[in-house]
Amino acid sequence: MKNKIIICFILILASMLPAFHETEVKAASDTVVYWDGVQLVKGQVGRVDIVKSINLWKRDSNNKLIFIRVLKPGESYRVYQYSSMYGGQYGVGGPYFVTNVKGYVEYKTPSLAKLRQVNPELYGTKLSLGTVTDEKSTVIAPGVTQSKLSVANSRENQEIYVLNVDQQASQLKLETALAKDQMIGFETVSSMAENNQAEEHYVIGGVNGDYFTDNGSPTDLTVRNGELVTTNTTPASERTIFGVSPDGKAMIGNPEISLQVSVNGQNPYIINSVNKRRNANYLVLYTQYFANTTLTNELGTEVVLSNVQGQLNGNNTVKATVKEVIVGKGNAPLNDGELILSGHGLGSDYLKTLVAGDSVDINLSYDNPAWNMVDQAIGGRYHLVKDGQAQTFSITGAHPRTAIGIKKDGSVFVIVIDGRQEDSSGVTLTEIAKVMKDLGAVEAMTFDGGGSSTMVVREPGETDATVINSPSDGKERSVGNSLLIVGTWKAGPLNTLILNANDLKLFAGATYKSLDIAVKGLDKNNNPITIKDPLTWSSNLGTFNSDGSFTARKTIGNGAITAASGLVKASLQAQVVNQLDSIKVANKTIMVDQNGTFSIPAEGYLAGKKVVSDPTIFNYQVSGQVGTIENGIFKAGKVDGMGTVTISYGSVSTQFNVIVGNPGTIVIEDFEGSLSSWKASGANYQSIQVVPERNYVKEGSHSLKVAYDFTGTTGTSGVYASPTTPIAIPGTPVKIGMWVYGDGKGHWLRSQLSDAKNNVVQLDLVKALDWVGWQYVEANIPTGLTPPYKLETPVRYMEVDDVAKNKGQIFVDQITAVYK
């Protein structure tokens, strides 16, 4: 009996063990979380691998240990807790524990991002701003994690986007990017990311940067790849700067850089700014980062410097030679390998003393040595967190915000909080300061906000970074600069497959020419790469045929579709169903020649999604003796005629009309169905209206009422009645006609028709509608058009004479296509 109990326990314990040999990867759309190829379960915090034989213990109600069995090397168990009792023990489920003995067991734990996905109540982010109601995290590259947090509080909801960057990760860096690669101009963050994308220079993500002037110039200190782009404009008390030191350390501070020029070793002269507008009495240094020219007027002097040596940055000297002194001209071109000193007033007077051939030294230094030779720098505004303390601001107003923070371990994160929207109202400066501290910042600052707040991310499998937040302008705003996260890895071999398909439901027994599964290949750094080996497909939900098609099994249930390239594989969850809630056909009327054939275009839907278009799945009935159907193929008879095809599966059905040969005349719109899609538009009117009509009817129970008031208007007036989807016309008719109940006002009645090549023509039904009561009118379809045709605007009732403007109404019924 005792042995039976132990065996039962071992079976129960074994059921807790993951299938560690399984390497199949779930598709991104599946909510199951995997770690080391094994599913993480609720409450799990890690895994213990048995290295040497060790006891499995059970604790009784008094925490006394009861020996259960000996665990053997190679066994692995999920860990749900850690206890300090008995020298430290791992809880492997219920009252069962394994003692932490060095050399006998090895403990491993998933990433925090994965633990958050499985146990959000334990590992989820806590914010003083409110309750985090939803949190999703994705590793988009080694060292870079993207998260989205939905937050609810007493005031409004917030949507927060976060990019965490491990500064210690190899071949990962932060870079400043400029709109159009220069100071002057505007560009979206996603465009800057795309334009900086290159082999071994992969832009993984980014956010908008500094505030900017009316011409797109960033406001304050900007350094790109170790080269000074521009100096500060904002007063020191109102600005904050983010920088990256030459050794990759992130910094937040308020550095000021000073520049001086000396000629032939003489006394230095102050340079007021770099790549800024030239103000009165200023001396400005211009580089190619500014624009194509200096954009200055003729009221000054400009000195062209050549033979430039040295890097333009702090704690450095740049040497050059005077090439040319230009007085009273301005707007000098900024050429490769040259710098320009441009002066006005006192600055101009100084430059006039220079002559060609003079030796020039430009000395640069920061007031804080920590910023010397800074590799990247980008300006912002408010210092949100200082020395680990969130700051308080008297500035009111909740808006979209962009911010950057540095954690205690030196890692960096950027966030964007959407605002001015129903699902995200935005935050105040004080609130975002608290958010940054809650997320771990010991130093933090803002970048430009409002409509500029933008975050872009390169999703796994994609080449370029795209916008992931919701900018408050309703679209991405063009800005002056941005901060990009860049990976400098070489593209490696295939490491991961990503399969994407939209809610894959397959119909029992149906054959699909294609399952429309998008497959993307990634290397270990999430760089998209070409899949070189041919893909092989397998599934427990059906069979892949030799022609590439797939036939679903006949039994319903869940399963997976797997793609493999060499040893790399991935699976996508799918479902086989055998129910439909609707059947649809593209055209309600199909024309075919005598003895002609066509494949019936039926599609079955379940819960609004198309799940089957295999014609052999449906049942068919034909009325009117116009033809027969076999395996979904309609074959017409030998005589002209009209009939109806009924398509069904179970209790669900639909119908369409079939016209064989020349039908003479058919009604293409009788206004008996729903008219909710019909809308009124027009030009130069007081009022217009298009509505169903019950009293003035030619056939059936409804017609279309078209009412108008053109009084007091000038120019061509019109009321146009059209459905959202143009009326498809089967075959090749020669005329379009309709019945019209006129109002005797003498206006111009037309229809607008287009052909298969999108040629648009106007059909004149009557130049002057001068009768009252019902009358049939028609117009010829011009020759030279390519069928099939569409009636885009069936009714265009117009008046070109201002004297004849009035108001009235007409009624339209039985729009027809005439074939002979």
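Ser217 sits in the loop that runs between β15 (202–208) and β16 (222–224), where strands (E, at least two residues) and helices (H or I, at least four) are DSSP runs numbered from the N terminus. This is a predicted model, in which local features need pLDDT of at least 70 and side-chain atom pairs count only at pLDDT 80 or more, while totals for chains, interfaces and linings use all residues. Residues are numbered from 1 along each chain as its sequence is written, and side-chain values use heavy atoms, with hydrogens and water left out.

Ser217 counts as buried because its relative accessibility is 8%, buried meaning under 20% relative accessible area, exposed over 50% and partly exposed in between, with a 1.4 Å probe and protein chains only. Leaving aside residues up to four places away in sequence, Ser217 touches Met183, Ile184, Tyr211 and Phe212, a contact being heavy atoms within 4.5 Å.

Helix α6, residues 429–438, is likewise mostly covered, with 7 of its 10 residues buried. Those buried residues are Leu429, Thr430, Glu431, Ile432, Ala433, Val435 and Met436, and their cover includes β13 (157–165), β29 (383–386), β30 (389–390), β31 (401–407), β32 (412–417) and β33 (441–446). Just after α6, Gly440 takes a positive phi of about 110°.

Elsewhere, the second largest pocket has a volume of about 650 Å³. On a 1 Å grid over the protein atoms alone, a pocket is an open set of points with protein on both sides within 12 Å along at least five of seven lines, and lining residues have an atom within 4 Å of a point. The lining of this pocket comprises 25 residues, of which Lys588, Ile668, Glu669, Ile727 and Ala728 lie nearest its centre. The elements giving two or more residues to that lining are β47 (582–585), β57 (665–669) and β62 (727–729), and β57 gives the most, with 4 residues.

Taken as a whole, the protein chain has 6 helices and 68 strands. Its radius of gyration is 37 Å, well over the 28 Å that the globule rule gives for 820 residues, so the chain is more spread out than a compact globule; the radius is taken over C-alpha atoms, and the rule is 2.2 Å times the number of residues to the power 0.38. The C-alpha trace spans about 105 × 100 × 55 Å along its principal axes, and 50% of the 820 residues count as buried. Among contacts between residues at least 6 apart in sequence, 68% join residues at least 24 apart.

How values were computed: On a 1 Å grid over the protein atoms alone, a cavity is a set of points where a 1.4 Å probe fits but cannot get out, and a pocket is an open set with protein on both sides within 12 Å along at least five of seven lines; lining residues have an atom within 4 Å of a point. Grid points are joined across faces, edges and corners, and a volume is the space filled by probe spheres set on the points.
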